[in-house]
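Open the model in a viewer and keep the sequence panel beside it. The stops below go from the whole chain to single side chains.

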Amino acid sequence: QHESTSTAAAALHNLNLVKKDGVSGHLICNFDQDLLRIFRECETWQYFINLNAYQVPFTARAMSENSPNLCLLRENVMLVVQDFNKIIDALSSSERRLFSEYMKRVEKRLG
């Protein structure tokens with residue numbers, strides 16, 4: 001359990017928005033799925049299960065304190081990804097060439 005919470009804690013520092021592998025130019029949200037699972041488990045244990053019998057580990061509880069903000073961040077990133085990918089899909093090849101400089105700037109900003 002300790003290893004999974006420390007791995008999830010490290011996931012907090014990962015980028016949320018990355019370029020998808022391939023030539024499509026699409027973006028993906030790489031928000032850690034283990035972190036989401038920890039948030040859901042902590043919420044379940046804290047609100048639906050008797051905490052007198054079971055204790056949520058401190059590390060998991062500390063990470064889940066920011067879960068509303070982090071989940072909102074994830075949702076906003078997902079909206080950006082969805083809109084960006086729709087725009088990319090709507091561009092013709094000539095339009096892609098026209099906007100290639102802007103696309104390079106976006107890729108550069110993503111790291």
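Helices (H or I, at least four residues) and strands (E, at least two) are DSSP runs, numbered from the N terminus. The model is predicted, so local features need pLDDT of at least 70 and side-chain atom pairs count only at pLDDT 80 or more, while totals for chains, interfaces and linings use all residues. Residues are numbered from 1 along each chain as its sequence is written, and side-chain values use heavy atoms, with hydrogens and water left out.

**Whole chain.** Colour by secondary structure: there are 6 helices and 2 strands, in the order α-β-β-α-α-α-α-α. Of the 111 residues, 26% are buried (under 20% relative accessible area; exposed is over 50%, partly exposed in between; 1.4 Å probe, protein chains only). Contacts are heavy atoms within 4.5 Å; of those between residues at least 6 apart in sequence, 57% join residues at least 24 apart.

**Helix 2.** A salt bridge here is a side-chain nitrogen of Lys or Arg within 4 Å of a carboxyl oxygen of Asp or Glu; the whole structure has 2. Arg37 and Glu41 both lie in helix 2, 4 residues apart, about one turn of the helix, and their side chains form a salt bridge with an N to O distance of 2.9 Å. Shared partners join Asp34, Arg37 and Glu41 into one network. In the bridge between Asp34 and Arg37, the closest N and O atoms are 4.0 Å apart; these two residues are 3 apart in helix 2, again about one helical turn. Relative accessibility is 39% for Asp34, 31% for Arg37 and 35% for Glu41, so Glu41 counts as partly exposed.

**Core.** Which residues have the most contacts inside the largest nonpolar core? Select Phe31 and Phe39, in a core of 19 residues (buried Ala, Val, Leu, Ile, Met, Phe, Trp, Tyr and Cys joined through side-chain atoms within 4.5 Å). Strand 2 (27–29), helix 2, helix 3, helix 4 (67–90) and helix 6 (100–110) each give two or more residues to this core. Beyond four places away in sequence, Phe31 touches Asn16, Leu36, Phe39, Leu70 and Arg74.

**Surface.** Finally, show Tyr54, in the loop between helix 2 (33–48) and helix 3 (58–64). Tyr54 is partly exposed, at 48% relative accessible area. With Trp45, Tyr47, Phe48 and Ile49, Tyr54 forms a nonpolar surface patch.

How values were computed
Patches are made of residues with over 30% relative accessible area and no salt bridge: like charges are joined within 9 Å, nonpolar side chains (Val, Leu, Ile, Met, Phe, Trp, Tyr) within 5 Å. Accessible areas come from the Shrake-Rupley method with a 1.4 Å probe; for residues, only the protein chains shown count as cover.
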